[in-house]
Amino acid sequence: MIAGACLLFGCVAGVGIGGAETAKPVAAPSSVAPTVTVTETATVRPVEATPSEPVVTPSPRPTQKAKPTPRPKPRKTARPAPRTDPRFPTCTAAKAAGYGHYRVGEPEYSWYEDRDRDGVVCE
C-alpha cells in the first residue's frame with residue numbers, strides 16, 4: 001500500500017516537475033485491490049524452574065555379609081542293640097523266666113542247643 005502511494009506520488013510529482021509536455025499518461029487504476037496478510041509469530045519464553053522439594057538421592061545401604069551357618073557336628077550314635085531276650089545259662093532257666101521257643105533266624109536260637117534238630121530251641 002505504501003509502495004503504491006509512493007509510486008502514485010512519484011508520478012504526480014514527476015508530472016509537476018518535468019512539465020506537462022513530458023508527462024506520460026497515468027495508467028488506469030487496477031481492479032485488483034492490494035491485500036494485507038497479517039502473520040502472528042509465536043514467541044516461546046523460557047520457563048523458569050520453580051523451586052520444589054529438593055531431590056533426595058538415596059544413599060546405598062551397606063550390605064550385610066551373610067554369616068555362614070554352622071554345620072551340625074556329626075553325632076556318634078551306637079547302633080541300637082537288637083532287641084533280644086536276656087541270655088540264660090540253659091533253656092530250663094529261660095523257660096522258668098517265661099522265655100523260650102526260639103526259631104532258626106532269631107539271635108537267641110544260637111545261644112541254646114537244638115537237640116532234636118527241628119529248628120526250634122527251648123520248647
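## Working through a predicted model

**Exercise 1. Work out the order of helices and strands along the sequence.**

Solution. Start with the inventory: the protein has two helices and two strands. Now read along the sequence, and the pattern comes out as α-α-β-β.

**Exercise 2. Find any disulfide, then say where its cysteines sit and which hand it has.**

Solution. Step one: search the whole structure, which turns up one disulfide. Step two: name the partners. Cys91 is joined to Cys122, with an S to S distance of 2.0 Å, and that passes the 2.5 Å cut-off for a disulfide. Cys91 belongs to helix 2 (residues 91-96), while Cys122 lies in the segment after strand 2 (120-121), so the bond ties together distant parts of the chain, 31 residues apart. Step four: check the torsion about the S-S bond, which is about -75 degrees, so this disulfide is left-handed.

**Exercise 3. Decide whether Cys91 and Cys122 are buried or exposed, and list the core they belong to.**

Solution. Both Cys91 and Cys122 are buried. Next, look at the largest nonpolar core, which has eight residues: the two cysteines plus Phe88, Ala94, Tyr102, Tyr109, Tyr112 and Val121.

**Exercise 4. Pick Val121 and list what it touches beyond its sequence neighbours.**

Solution. Set aside neighbours within four places in sequence; Val121 is then in contact with His101, Tyr102, Tyr109, Tyr112, Glu113 and Asp114.

Methods: Residues are numbered from 1 along each chain as its sequence is written. This is a predicted model: local features need pLDDT of at least 70, side-chain atom pairs count only at pLDDT 80 or more; totals for chains, interfaces and linings use all residues. Side-chain values use heavy atoms; hydrogens and water are left out. Helices (H or I, at least four residues) and strands (E, at least two) are DSSP runs, numbered from the N terminus. Buried means under 20% relative accessible area, exposed over 50%, partly exposed in between (1.4 Å probe, protein chains only). A nonpolar core is a set of buried Ala, Val, Leu, Ile, Met, Phe, Trp, Tyr and Cys residues joined through side-chain atoms within 4.5 Å. Contact means heavy atoms within 4.5 Å.
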